[in-house]
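Please keep the sequence and the coordinates at hand while reading.

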Amino acid sequence: MSASVSRPGVSVVVPLYNEEATIEELIARLRATLLGRGERFEIVLVNDGSTDRTAERLAAAAAAEPRIHVYTLSRNFGQAAALCCGIFAARGEVVVTMDGDLQNPPEEIPRLLDALGPGVDVVTASRTVRHETGWRWVGSRVVHWTARLLVGVDIEDFGGQFKAYRREVVEATRTAWAPGKPFFALAAWLGFRVREVPVRHEARRSGGSRYGMLSLVRLNADLITSFTTLPLAALAALSVLAGAGGFLGVVVCLATGATEGFGAALSLLLLGLGGVFFAAAALGVYLARVYRTVAGAPTGYVLRAPAEVERQVRDEERDASGSGA
């Protein structure tokens, strides 16, 4: 049997951390939704080092349903790492990602799948009503603004994990992903075509949000350091300004004979800071190049292969299927 025949149509990936209270309902609603559409599906559940009975509930669910696949991380690595673990393990032609706390209603998955039409590679959910505190709302707005600026995709809601990806997006992003790179932002930055659709967003059933202020700060830092060297450019510009100001001050001090006092000290300080900032910016540029090389940053992707290449791939798949029969 060829890989294309055995591959499920839809994979639903859910990272979980201490979600024992919602797992059974989550699975039941996912099964009902996907069976109702007649989908060939799998459910990929990633236990991100939970300390409650999440692992026990997941083991029972996997034993009862062969279409459930459970991956358990050795400790709590965070939602982004757990999410990518599930995405790269998923086999579906379409990979849907969502949170496990039921704030993303499983019944809204068809809305994402229906929007994944011709000319669309990724569908992202826009939460029509958001259930979050005031400070979280402000922090999320900063994340969205930063992501839009750096990634170059004009969508309203960059937050949340309720999204659908075509298989080619997953495979292309797999080679470019590295720890610290948000998966959706990376896929959008690579140029895959994104469509945004409104969906319901429900209140959390139990517990509190896993994202505190520190998490939002870390997410913004990941966005900045993963997709731009703008801070290095700013540091280089600062070095030029400080160095020019210091040099001008030294010239003025020498011309007027005021070689002592606050003005002279400030000029020398600015001149020294200019040199330090320039050295730091230059070192940062070299480190950025090393990072891009180590992380495997791509130079570009071909969205659609030429017809002759596609025919060759089909021929190879047919030959492989025939030899394995």
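Which residues of the largest nonpolar core touch the most other members? The model discussed here is a predicted one, and in it the answer is Val12, Val96, Ile109 and Leu112, within a core of 31 residues.

## Nonpolar cores

At least two residues of this core come from each of E1, H2, E2, H3, strand E4 (94-97), helix H5 (109-115), strand E5 (122-127) and strand E7 (194-199). Helix H2 contributes the most, giving five residues to the core. Apart from this core lies another one, of 24 residues, which includes Cys84, Ile87, Ile155 and Leu190. In soluble globular proteins, nonpolar side chains tend to be buried together.

The surroundings of Leu112 can be given in detail: when neighbours within four places in sequence are left aside, Leu112 is in contact with Val96, Val123, Ala125, Phe162, Lys163, Ala164, Val197 and Val199.

Helix H3 spans residues 54-64, and Thr54, Leu58 and Ala61 are buried in it. Viewed down the axis of H3, the buried residues fall within an arc of 65 degrees, so they line one face of the helix. On the other side of H3, Glu56, Ala63 and Ala64 are exposed.

What do the buried residues of H3 pack against? Their partners are strand E1 (10-16), helix H2 (23-36), strand E2 (41-47) and strand E3 (68-72).

## A buried loop residue

Ala178 belongs to the loop between helix H7 (167-176) and helix H8 (183-189). With a relative accessible area of 9%, under the 20% limit, Ala178 is classed as buried. Although Ala178 and Cys84 are 94 residues apart along the chain, their C-alpha atoms are separated by 9.8 Å, and Cys84 is itself among the members of the core of 24 residues.

## Salt bridges

The count of salt bridges in the model comes to 16. Side chains of opposite charge can pair when their charged atoms come close. One of these pairs is formed by Arg29 and Glu107, with the closest N and O atoms 2.7 Å apart. Arg29 lies in helix H2 and Glu107 in the loop between E4 and H5, so the pair ties together parts that are 78 residues apart in sequence. Arg29 is buried, at a relative accessible area of 14%, whereas Glu107, at 34%, is partly exposed.

Another salt bridge joins Glu108 and Arg111, where the closest N and O atoms are 3.6 Å apart. Glu108 counts as buried at 7% relative accessibility, while Arg111 counts as partly exposed at 42%. Both residues also belong to a network of salt bridges that links Glu108, Arg111, Arg200 and Glu202. A further pair is made by the side chains of Arg37 and Glu39, which meet at 3.2 Å, N to O; Arg37 is partly exposed, with 33% relative accessibility.

Which residues make the nonpolar surface patch of about 400 Å²? Phe262, Leu266, Leu269 and Leu273 make it. Phe262 is found in helix H11, which covers residues 262-295, and because its relative accessibility of 69% is over the 50% limit, Phe262 counts as exposed.

Conventions
Residues numbered from 1 in each chain as written. Predicted model: local features only at pLDDT ≥ 70, side-chain atom pairs only at ≥ 80, totals over all residues. Heavy atoms only, no water. Buried < 20%, exposed > 50% of the residue type's maximum accessible area, 1.4 Å probe, protein only. Helix = DSSP H or I, 4+ residues; strand = E, 2+ residues; numbered from the N terminus. Arc of directions from axis to C-beta. Contact = heavy atoms within 4.5 Å. Patch = residues over 30% accessible without salt bridge, like charges linked within 9 Å, V, L, I, M, F, W, Y side chains within 5 Å. Areas by Shrake-Rupley, 256 points an atom, 1.4 Å probe, with all protein chains shown as cover. Salt bridge = Lys/Arg side-chain N within 4 Å of Asp/Glu carboxyl O. Core = buried A, V, L, I, M, F, W, Y, C linked by side-chain atoms within 4.5 Å.
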